[in-house]
Amino acid sequence: MNKVYKYRANTVINGEKRDTIQLSQNILYAADIRKLNDPFEGSVELPQSYEHEYWVTPIIQKLYSTGIYSLSKPQKGETFPCNELLWAHYANSHKGFCIEYDLEILSKNMPQGMDLSNVIDVAYKNQRPKVSEYDDESQVQEKVFGTKSVAWEYENEVRLVFEKFGEKVISKNAITAVYFGLRISLEDRRDIINRLSGHDINFYQIERIENLYQLKATKLLFDFSYEIVNEEHRLTVDNYMILYKSPNKDKNTLMEFIEQFRKKLKRPTNITVIDDIRAKAVLINYKPRKQMSDEEIEIQAKHWIAYSSFDAPEVVFIYPER
C-alpha cells in the first residue's frame, strides 16, 4: 500500500467540526492556491519575451482556479504519522487527527466526474523554477505546484491537483486508518469513531514513548478486559482496585473505561487501576517513599496507571502522566 497522510486540526468552524464531517462523508477539500500557507506558493520565473508571455499567461491564469490537496508521504522507515512538526502545525498541536490514505486508490478510484488532473511529488529547491517555451501544461503545473523552497522539505509532500478548487468526493476505500493526536478530546475521538462505524478502517492512538523524544501508535482494540483484585466497602465510600488487562492505556481509553465501570456502581467509589498484579501489594501496604525499595518505587511508578476519586468522578489521574 502506498501510504500518505493528511493531518487535520478539527477546530470548530461555524459551529461545526468541519474536518470530522468531511472525513465521515468521504470528502476532501482541494484548496485555492492563493489560500495556502506558503507565501511563495506558485512562484516561478516566467519567460520574458512578449511571444512567450503571450503563450504562458493563459496557462498560468488557468492554474489559479485549480484546487490543491496536500498530503505527506512517510519518510524512509516510518510506519505511521510520527512527524512532530506536522502534528504541531496542521493537527492543532495534537488536538486533531491524521487520516491515512492509500494513494493509489485515492487517485485512481475517483468517482466519475471528478476533475483530478495531476498527482505531483513536490521537489524542494533553493531557486525558483523557470518556465520554458518548451513546457507543456503538465510541465508548467509541476513547476508551479510541485516546487517549494527547502524550508518545507520536512513536509515530504505529494499533491493532488484538481481543475477547480472546492469539495471532492472520494472512494470510501481510500481511507485506511485514522490516527488520534496526543491531546485529542475523548468527545472528539468518540465522535469520529461513531461516525465511521461500519467502515473498514483501523483506529490508532498516538502516544509518547517514555524517556524518549519519540512517538508510537497503538491500535485501538476497544477491549476493556479487567479483574477486580481488591474491594473495600466502608460506611460512606467504596474502594475498588482493578487489574486492567487491555493493551490500550492512553488517557482517553482509561477515561472511557472508568466511565463505563462507574455506570455499574451505586455508591460513591474510589477507583485505582493497575496493570501488573505486583502493584497491588505495593499500594495496599503503602508506606512513605523513603521506606520503599527501588523495586517497589519502580512498580508503583510504572504500573499504577490511573486513579479516580469518589468526590471528582469525572476526573481521571494518569500515573505516570503520559
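In what order do the 5 strands of the open sheet lie? They run 15-16-17-18-19, with mixed pairing. The legends below take this sheet as one of several close-ups.

This is a predicted model, where local features need pLDDT of at least 70 and side-chain atom pairs count only at pLDDT 80 or more, while totals for chains, interfaces and linings use all residues. Residues are numbered from 1 along each chain as its sequence is written, and side-chain values use heavy atoms, with hydrogens and water left out.

**Figure 1. The open sheet of strands 15-16-17-18-19.** Helices (H or I, at least four residues) and strands (E, at least two) are DSSP runs, numbered from the N terminus, and two strands pair if DSSP finds at least two bridges between them. Strand 15 (226–233) and strand 19 (317–318) sit at the edges with a single partner strand each, so one side of each has no neighbour in the sheet. Further in, strand 17 (residues 269–274) and strand 18 (residues 304–308) are antiparallel, joined over 4 bridges. Look for Ile 271, which stands opposite Ser 308 in strand 18.

**Figure 2. Strand 1 and its partner, strand 6.** The two strands run antiparallel, with 6 bridges joining strand 1 to strand 6 (residues 97–102). Arg 8 has Phe 97 as its bridge partner. Is strand 1 mostly buried or exposed? In strand 1 (residues 3–8), 5 of the 6 residues are buried, so the rest of the structure largely encloses the strand. Here buried means under 20% relative accessible area, exposed over 50%, and partly exposed in between (1.4 Å probe, protein chains only).

**Figure 3. The largest pocket, holding about 680 Å³ of space.** On a 1 Å grid over the protein atoms alone, a pocket is an open set of points with protein on both sides within 12 Å along at least five of seven lines, whereas a cavity is a set where a 1.4 Å probe fits but cannot get out; lining residues have an atom within 4 Å of a point. Grid points are joined across faces, edges and corners, and a volume is the space filled by probe spheres set on the points. The pocket has 31 lining residues, and nearest its centre are Lys 6, Arg 8, Leu 36, Ser 70 and Tyr 90. Among the elements giving two or more residues to this lining are strand 1, helix 1 and helix 3 (84–90). Strand 5 gives the most, with 5 residues. By class, the lining comes out as 13 nonpolar, 7 polar and 11 charged residues. Ala, Val, Leu, Ile, Met, Phe, Trp, Tyr, Cys and Pro count as nonpolar, Asp, Glu, Lys and Arg as charged, and the others, Gly among them, as polar.

**Figure 4. The largest cavity, about 60 Å³ in volume.** The whole structure holds 3 cavities of 30 Å³ or more. Residues lining the largest cavity include Arg 189, Phe 222, Asp 223, Asn 248 and Glu 256. Helix 6 (186–195) and helix 7 (251–262) are the elements that each put two or more residues into this lining.

Figure 5. Helix 1 (18–24), strand 4 (27–32) and strand 6 supply at least two residues each. This lining has 7 nonpolar, 1 polar and 2 charged residues.

**Figure 6. Gln 205 in strand 13 (residues 202–208).** With 2% relative accessibility, Gln 205 counts as buried. What does its side chain contact? The Gln 205 side chain makes a polar contact with the side chain of Arg 189 at 2.9 Å. A polar atom of the Gln 205 side chain also lies 3.0 Å from the backbone oxygen of Gly 181. A polar contact is a pair of N or O atoms within 3.5 Å; within protein, one must be able to donate a hydrogen and the other to accept it, and residues adjacent in sequence count only if both atoms are side-chain atoms.

**Figure 7. Asn 14, in the loop between strand 2 (12–13) and strand 3 (16–17).** Most residues other than glycine have a negative phi. Asn 14 is not a glycine, yet its phi is positive, at about 55 degrees. This residue counts as exposed, at 79% relative accessibility.
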